[in-house]
Amino acid sequence: MSRPAVTQAPTTTDDADTDAPSRPGPPVADQHAGWSAVDRARVDPADIDVDRAAAVLAEVARRTRVVRGTHLSRLTGMPVWFKCENEQRTASFKVRGAFTRIALADPDVRARGVVAASAGNHAQGVAYAAARFDVPATIFVPAEANTTKIARTRRFGARVELVSGGVDAALLAAEAAAHDLGGLLVHPFDDPLVIAGQGTIGLELIEQLPGLRTVLVSVGGGGLIAGIATALRQRRADVRVIGVQAAGAPAFARSWRCGQRLRVPATTVADGMAVKSPGTLTLALASNLVDDMVTVDEEAFWEAMVLLARADGQLVEPAGAAGVAALLRHPGLAQGPTAVVLSGGNIDQVTATRVRTLAAESLQTPAA
C-alpha cells in the first residue's frame, strides 16, 4: 500500500507540548524540523543497510527466539508466533539500533562521548553500547520515566539527566549537549543506522519463519517498524507489515494516514510509544513500506500483558505487548502465519505486580 507523499507541515506554535494527562487533541504541525541538515525524507530504502548492521551485531545482539502463541493462534485461526525481543540484551530491541549507530560512528567523534534521549529502553541500549566501546554516555530521560529503566541505564555506567517536559524536551536537551560536547548524538529512531539495526529483526524473522505472511510491530517514533519493513521489502515483498499504536498516543498512525508529520498529545500506559510526533525518515519509509496502522485502547494493553504472562509465560512491558493487544481487538489482522514482535520486557514493579495479580485471578477461568 502506498501512502500520500510525506510533507513537512508549516511551522506553528504548539501550546500542548507537555506530558500532562490529556486526551489526544487535534493534530498540529510539528515545530521541530529534525536533528540534522540531512533531508531524511529523501533517503532511499536501499540506503538502509540492514546486512551491514547484521554483521556489526553478529557477536552482540541475541538471535531471539520465536515461540508459538497458542491462545492467539486459536483466537485468530492462524498460526501466530512471538518474536521475543524482551529476551534481548537490555530486554529490548533497542540495543540493536543503538549499538549499530555507535559501532559505525567516526571513532574520533565517538571518543568524545555519546549523548542520547530516551524514555528508557533506548537509554539502556546506548549505555550498553557505550560501555562496550569504553566511551562516556550521557542520557537525557523524562523526569517521570520508568524508574526500573533508569536504574538499569545507570548500572551500565551511563550518566542519566532527568528532564521535565517529556521525551520531546529530553530530545532537545540531548541535541544541545551533543553540540556543546562535540560528541556523538544517537537518536532513538530517526537515524539510518539505528533503523538498519532494528531491521535485523526482519532478517531473523525471514529465516526463522519461512512461511511468514504478516508481522505486527509496536510503533512510537517509528524506528522499529521502518527497519523491519525495510528488511522485509528488500527480500519478501509478500509479507504484510502492520503498525500498532496506543489510541492515547496516535501521532504516527495519524501522520501515516495523511502523509504529513503531525504533532499530537501522548498519554498512555505504554511509555515506550508515548511519542508526540514521528520521525521524518521513519515516516517517509513507513509511508511507502507499511501496509496498515491500527490503534488500540488502554485496556487492551493490560489484557495483552495478562494473556502473555498467564498463557505464554512472557512478562512484557505495555509497548512490548502492543501487537498482542491488536490481535485481541482485531483478530482478522492475522492473515497467514503471523509474527508479533514482543519489543521489550522492561516492566516496572508496580505494573508487573498488577499483571501477576490479574493473571492469577484469571486462572479461575482456564485459558482457551
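Which residues does valine 294 touch, not counting residues up to four places away in sequence? The legends below start with that one.

This is a predicted model, in which local features need pLDDT of at least 70, side-chain atom pairs count only at pLDDT 80 or more, and totals for chains, interfaces and linings use all residues. Residues are numbered from 1 along each chain as its sequence is written, and side-chain values use heavy atoms, with hydrogens and water left out.

**View 1. Valine 294 and its contacts.** Valine 294 touches Gly243, Val244, Gln245, Ala326 and Leu333, leaving aside residues up to four places away in sequence; contact here means heavy atoms within 4.5 Å. You will find valine 294 in strand S11, residues 292-296. Strands (E, at least two residues) and helices (H or I, at least four) are DSSP runs, numbered from the N terminus. Valine 294 is buried, with a relative accessible area of 13%. Buried means under 20% relative accessible area, exposed means over 50%, and partly exposed is in between (1.4 Å probe, protein chains only). Now look for proline 250: valine 294 and proline 250 are 44 residues apart in sequence and 9.0 Å apart in space, C-alpha to C-alpha.

**View 2. An open sheet of four strands.** Follow the order S6-S5-S4-S7, with parallel pairing. The edge strands are S6 (159-163) and S7 (184-186), each of which pairs on one side only. Two strands pair if DSSP finds at least two bridges between them. Strands of a sheet pair through backbone hydrogen bonds, either parallel or antiparallel. On average, neighbouring strands of this sheet are turned by 20° against each other, direction ignored. Five bridges join S5 (residues 137-142) to S6, and phenylalanine 140 has glutamate 161 in S6 as its bridge partner. Helix H6 (residues 147-155) lies across S5 and S6, running at about 150° to S6. For such angles, axes are lines fitted to C-alpha atoms, for helices over the stretch in contact, and angles run from 0 to 180 degrees between N-to-C directions.

**View 3. Helices H8 and H9 crossing.** The axes of H8 (residues 192-208) and H9 (residues 223-233) come within 7 Å and cross at roughly 50°. That makes H8 oblique to H9; angles under 35 degrees count as roughly parallel, over 145 as roughly antiparallel, 65 to 115 as roughly perpendicular and the rest as oblique. Among the residues that meet here are Ile195, Gln198 and Ile206 in H8, and Leu224, Ala231 and Leu232 in H9. By class, the contact has nine nonpolar, five polar and no charged residues. Ala, Val, Leu, Ile, Met, Phe, Trp, Tyr, Cys and Pro count as nonpolar, Asp, Glu, Lys and Arg as charged, and the others, Gly among them, as polar.

View 4. Threonine 90 is buried, at 11% relative accessible area, and alanine 91 counts as buried at 16%. H3 itself is mostly covered: nine of its ten residues are buried, including Phe99 and Ile102. What covers the buried residues of H3 includes helix H1 (50-57), strand S4 (114-117), helix H5 (121-132) and H8.
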